[in-house]
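Okay, thanks for having me, everyone.

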Amino acid sequence: MAEAQERVFKKGEVIYRQGQYEMFLYDILYGSVALYQNYGTKEQVLIKEMNQDGYFGEMELIEAMPRTTTAVATERTTARVYTAEDFGALFCEKPSMVMAIMQQMSARIRELTREYNDACRVVAESMAAEKAGKEKSGALQKERKKLSDYYHSYLRLLGGNLVDD
C-alpha cells in the first residue's frame, strides 16, 4: 500500500538540488514549484513551473538517476511525497494517478518536440537566407538566438557535458 507523506515547503525553500540522488516523486497538493537548471548561478535557467495537481521528480524516480534540476517552492507549498516503493504500489492502487503522470510526461515530450521543430525551421530559414546571400531579418535573428539559448539549456539539462560551455 502506498504510504506517501505530506510535506510543507516555505516560499523560497529548496526541495531538492540538481545532482542529488534521491528517488522521490512529488505531487503538489497546494502551491507552486519552479524547476531550475544551474540554480543560484549566473547560468540559472527556469525550466518549468509546476502548480497544484502537478507532479515533478518522476523522471529521476523512474530512471534511478541524479536530479537534473533544482526544485524551489515559489510560494508556501504542500506536496505528497512518494518513494519508489510507493510509486510501484500506485500502479495497482491508483492507476488513474499513474496515467496522469504519464500524460504530464507526454505533454512535456510534445512541448520539447514542438520547440525542436521550431528550432529546425529557424535554422533552415537562416541557412536559406545565408545561402541566397540575403541579410537575415531582425526577427529571424532574435528567434534564432532565443531558440539557441533554449536548446543549449536543454542539452545541458539532458547531458551535462554534451555542450561546450
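So, start with strand β7, residues 70-73, which is covered on both faces: Thr70 and Val72 on one side, Ala71 and Ala73 on the other, all buried. Buried here is under 20% relative accessible area, exposed is over 50%, and partly exposed lies in between, with a 1.4 Å probe and protein chains only. Strands are DSSP runs of E, at least two residues, numbered from the N terminus.

Quick caveat: this is a predicted model, where local features need pLDDT of at least 70 and side-chain atom pairs count only at pLDDT 80 or more, while totals for chains, interfaces and linings use all residues. Residues are numbered from 1 along each chain as its sequence is written, and side-chain values use heavy atoms, leaving out hydrogens and water.

Who sits beside β7? Strand β2, residues 14-16, pairs with β7 antiparallel over two bridges; pairing takes at least two DSSP bridges between two strands. Tyr16 has Ala71 as its bridge partner there. Strand β4, residues 32-37, also runs antiparallel to β7, joined by four bridges, and Tyr36 stands opposite Thr70.

Put together, you get an open antiparallel sheet of four strands, β2-β7-β4-β5. β2 and β5 (45-51) are the edges, each pairing on one side only.

Now the largest nonpolar core, with 13 residues; Ile15, Phe56 and Ala71 are among those with the most contacts inside it. Such a core is a set of buried Ala, Val, Leu, Ile, Met, Phe, Trp, Tyr and Cys residues joined through side-chain atoms within 4.5 Å.
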